Each structure stands twice: as structure tokens, then as C-alpha cells.
Amino acid sequence: MRVISGIYKRRRFEVPPTFKARPTTDFAKENLFNVLMGYVDFEDTTALDLFAGTGSISIELLSRGCSRVVAVEKEFKHHAFIQKVLGELKTDKCLAIRGDALKFISQTSEKFDFVFADPPYALPELKEIPDLVFGAGLLQTDGIFVLEHGKDNDFSAHPHFLEHRAYGSVNFSFFGLKQP
């Protein structure tokens with residue numbers, strides 16, 4: 001796992017080969033963050049990384065200046081890996097929560113400037129995640145939500161849909177609160 005930009009640029013963390021997580025590829029991650037530059041000023045941004053996996057997106061967000069990142073990951077070994085990386089970086093700007101991302105959505109009252117979700121592509125509730133995020137009021141008024149998903153999902157009819165980007169087999173759908 002490589003950090004692409006920011007204060008931790010070029011840092012690498014060896015992900016154990018036994019992990020079930022499918023980390024976002026460096027190519028897709030780099031392109032995602034290039035697009036996000038048009039939506040998000042990462043300095044002093046609060047971010048939520050749902051289904052954090054290896055923590056790759058969380059670490060990239062921290063590296064680019066986010067003031068607070070919450071990373072939610074259910075798998076014990078993945079959560080422990082995220083904690084280990086955060087310890088190596090000596091940062092207290094990321095809260096790694098071991099828990100179910102869908103339960104977290106329904107239970108938190110915190111609002112974020114940026115929400116990222118990279119659920120397993122076969123997750124039965126994947127299609128419901130945008131509605132859950134907006135129904136729970138997770139975004140600040142000018143916030144952005146990005147959902148990583150497989151090619152078989154189409155969210156273009158969602159009322160908060162902004163755009164879709166595909167990088168190889170990785171697809172990102174962008175959502176935001178429509179301004180009156």
C-alpha cells in the first residue's frame with residue numbers, strides 16, 4: 001500500500017497477503033483524488049472512511065491534510081493493521097473504529113465534509129448505501145460522498161448523484177446535497 005501525495009507521500013506499508021480486503025488500486029486512487037481536488041479542500045476537512053479495509057484511503061486523506069478521519073472496519077485483522085499504520089505515522093487525527101459500517105451509519109450523529117465507502121462488491125445492501133448515507137444526514141451541506149462499486153451498479157438516477165468515473169474495473173459514483 002503506497003501513499004500517493006501529501007506529508008506521507010511515497011510511504012509504503014506492507015499489507016499481509018492473507019487479507020480479504022480488496023484495496024483500491026494505486027491507479028484508481030490517484031485518479032479519484034485528482035477528481036476530488038475539484039470538490040474538496042482537504043485542509044481541515046473531516047472525513048469518514050466506511051468499510052476502510054487496509055486504511056489506504058484514510059491514510060491518503062490524512063496525508064493530504066484532513067483534520068479528522070474516522071475509519072470504520074469490521075474485520076479484526078484489518079482494524080489492527082490500520083491501528084498499526086496509524087501508530088507508525090504517530091498521528092492522532094484518525095479514529096479507527098472496529099465495527100459494522102452500516103450500523104455506524106445509523107448510529108452516528110456526526111456530520112462529515114467527505115464520506116467514502118468501499119464495501120465488498122457483493123454486499124447485498126450496496127445499492128442502499130447512498131440512501132443510508134443521506135438518510136442519516138452524514139454530510140455537511142457542501143459535503144461530498146463517493147461510493148466505490150463494481151461495473152454492474154448504476155446510481156445515475158439517484159437524486160443526489162453528481163457523476164460517475166471508471167478506472168479499469170474500479171467505479172466511483174459521486175454524490176452531493178443539491179443546493180436550492
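Helix H3 has its buried residues covered by, among others, helix H2 (56-63), strand S2 (68-73) and strand S3 (94-98). Covering here goes by contact, meaning heavy atoms within 4.5 Å, and buried means under 20% relative accessible area, with exposed over 50% and partly exposed in between (1.4 Å probe, protein chains only). Helices (H or I, at least four residues) and strands (E, at least two) are DSSP runs, numbered from the N terminus.

A word on what you're looking at: this is a predicted model, where local features need pLDDT of at least 70, side-chain atom pairs count only at pLDDT 80 or more, and totals for chains, interfaces and linings use all residues. Residues are numbered from 1 along each chain as its sequence is written, and side-chain values use heavy atoms, leaving out hydrogens and water.

Back to H3. Which of its residues are buried? They are His-78, His-79, Phe-81, Ile-82, Val-85, Leu-86 and Leu-89. An α-helix has 3.6 residues a turn, so residues three or four places apart point the same way. On the face turned away from the buried side of H3 sit the exposed residues Phe-76 and Lys-77.

H2 is mostly covered, with eight of its eight residues buried. Its cover includes helix H1 (26-36), strand S1 (46-50), S2, H3, S3 and S4.

| Helix | Residue just after | Phi |
|---|---|---|
| H2 | Gly-65 | about 110° |
| H3 | Lys-90 | about 55° |

Now for the rings. Rings of Phe, Tyr and Trp (its six-membered ring) pair if their centres lie within 6.5 Å; planes under 30 degrees apart count as stacked, over 60 as edge-to-face and the rest as tilted. By this rule there are eleven aromatic pairs. Elsewhere, Phe-134, Phe-145, Phe-155, Phe-161 and Phe-175 form one aromatic cluster.

Strand S7 also holds Ser-173. Is Ser-173 buried or exposed? At 1% relative accessibility, Ser-173 counts as buried. Leaving aside neighbours within four places in sequence, the contacts of Ser-173 include Phe-145, Phe-155 and Phe-161.
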